[in-house]
Amino acid sequence: MTNTVVTERDFWGGPPPIVRRILRAFPVDDTIAFFRELGVVLHEEADGKLFPDSNRARDVLDALIRETAASGAALLTSHRVSGVERTGDPPPLARDVRELRRGSPKHCEGGTFRIVTPHGDLHAGAVVLATGGQSLPKTGSDGGGFAIARRLGHTLVPTTPALVPLLLDADEAVHRALSGVSHDVEVAVWIDGRIATRLTGAMLWTHFGVSGPVALNASRHWMRAHIDQRSARLTVNFCPGESFDEVDARWNDRAREHPRATVQASLAQTLPASVASAIAGRLGIDAGVPLAHFPREDRRRLVRALVEWPLAVTGTRGYNYAEVTAGGIALDEIDPSTMESRVCRGVYLVGEILDVDGRIGGFNFQWAWSTGFVAGRALGGGAARA
């Protein structure tokens, strides 16, 4: 639902000062209180992630639908919007709300916008684009909102899947042998030959490549580099936070203190046994050799592999498996105090349709809640004055 601590540093894409301003308008404490009022109490789990006490997504959906009905809003299903056209200057908003409550949206005339649906046109004084990006298109979040926003004059920052599992070279046997194994690592994202960012967390080996929080977070950077036609690669440090020299020194110390310990036993001190065996096997190292007889050259090859294991990424699993979309409508084209478009008055943009994407852990949900609140507050004020 959200995270205990959410700041602009948890997001990529739009300018951090704008992201910070929007997040502060409806922070985590407000999210917790809002859902508590709806009967959804949250609890904290690992890494600050907040889940409903019932651990049922359906309970969250039901609470939101109940509140929608209680507020008097109309929820029109099977009315997929294929177009939004500007028809005039913005009129007062309240008339359109009253018409929708009466259940006669097709006869609500005189609005600023004509909204095209399979069941006839709707007319509205304001339009909020909350269509999501392109991730999980089976939910309806298939990029249609981007097309509407562009026709209204907005700029689209090129989009890519983000928070998506990564595919590895099919000829690389390590990930297939380790499928289902998860452990903590540090992933370095190399762009144009230099480390652009380091990410830590659990990585899950799979039959197709890698997944888990750290791989999902890294996917965003790998994809953005490729769309910008820059060289990108990923390496894994199986000893998070440690350098080559530190790990090499540790192996030397262990060889002096425990000369009869095997390479396999030493590896298994910090890695799952299956991962230890796979690394040694891939390097052609005899994992059964005692440390006292472990050649210096082999030790240094092993240490280099431990701190800089290459991931032969060939692509991602695409939008069908992505949790979020990177890219979207440029954030400088909206007013952060209202979420209203700067290029088409009366249009409001919220959530994932904007060029802002957060790391895994509830951050993209908080972006949805915060942007939705800012737009709702602005529209509510407009309706109250009408």
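Tutor: A residue is called buried under 20% relative accessible area, exposed over 50%, and partly exposed in between, with a 1.4 Å probe and protein chains only. This is a predicted model, in which local features need pLDDT of at least 70, side-chain atom pairs count only at pLDDT 80 or more, and totals for chains, interfaces and linings use all residues. Residues are numbered from 1 along each chain as its sequence is written, and side-chain values use heavy atoms, with hydrogens and water left out.

Student: Which class does Ile-65 fall into?

Tutor: Ile-65 counts as partly exposed, because its relative accessibility is 39%.

Student: Where is His-175, and is it buried or exposed?

Tutor: Helices are DSSP runs (H or I, at least four residues), numbered from the N terminus. His-175 sits in helix 6 (residues 174-177), and with a relative accessible area of 1% His-175 is buried.

Student: What does His-175 contact, leaving aside neighbours within four places in sequence?

Tutor: Contact means heavy atoms within 4.5 Å. By that reading, His-175 is in contact with residues including Leu-168, Asp-169, Trp-205 and Phe-208, once neighbours within four places in sequence are left aside.

Student: Which residues touch the most other members of the largest nonpolar core?

Tutor: A nonpolar core is a set of buried Ala, Val, Leu, Ile, Met, Phe, Trp, Tyr and Cys residues joined through side-chain atoms within 4.5 Å. Here the largest has 49 residues, of which Trp-205, Phe-238, Trp-251, Leu-306 and Leu-311 touch the most other members. Helix 7 (residues 213-227) supplies the largest share of this core, 6 residues, and apart from it lies another core, of 45 residues, among them Leu-42 and Ile-353.

Methods. Helices (H or I, at least four residues) and strands (E, at least two) are DSSP runs, numbered from the N terminus.
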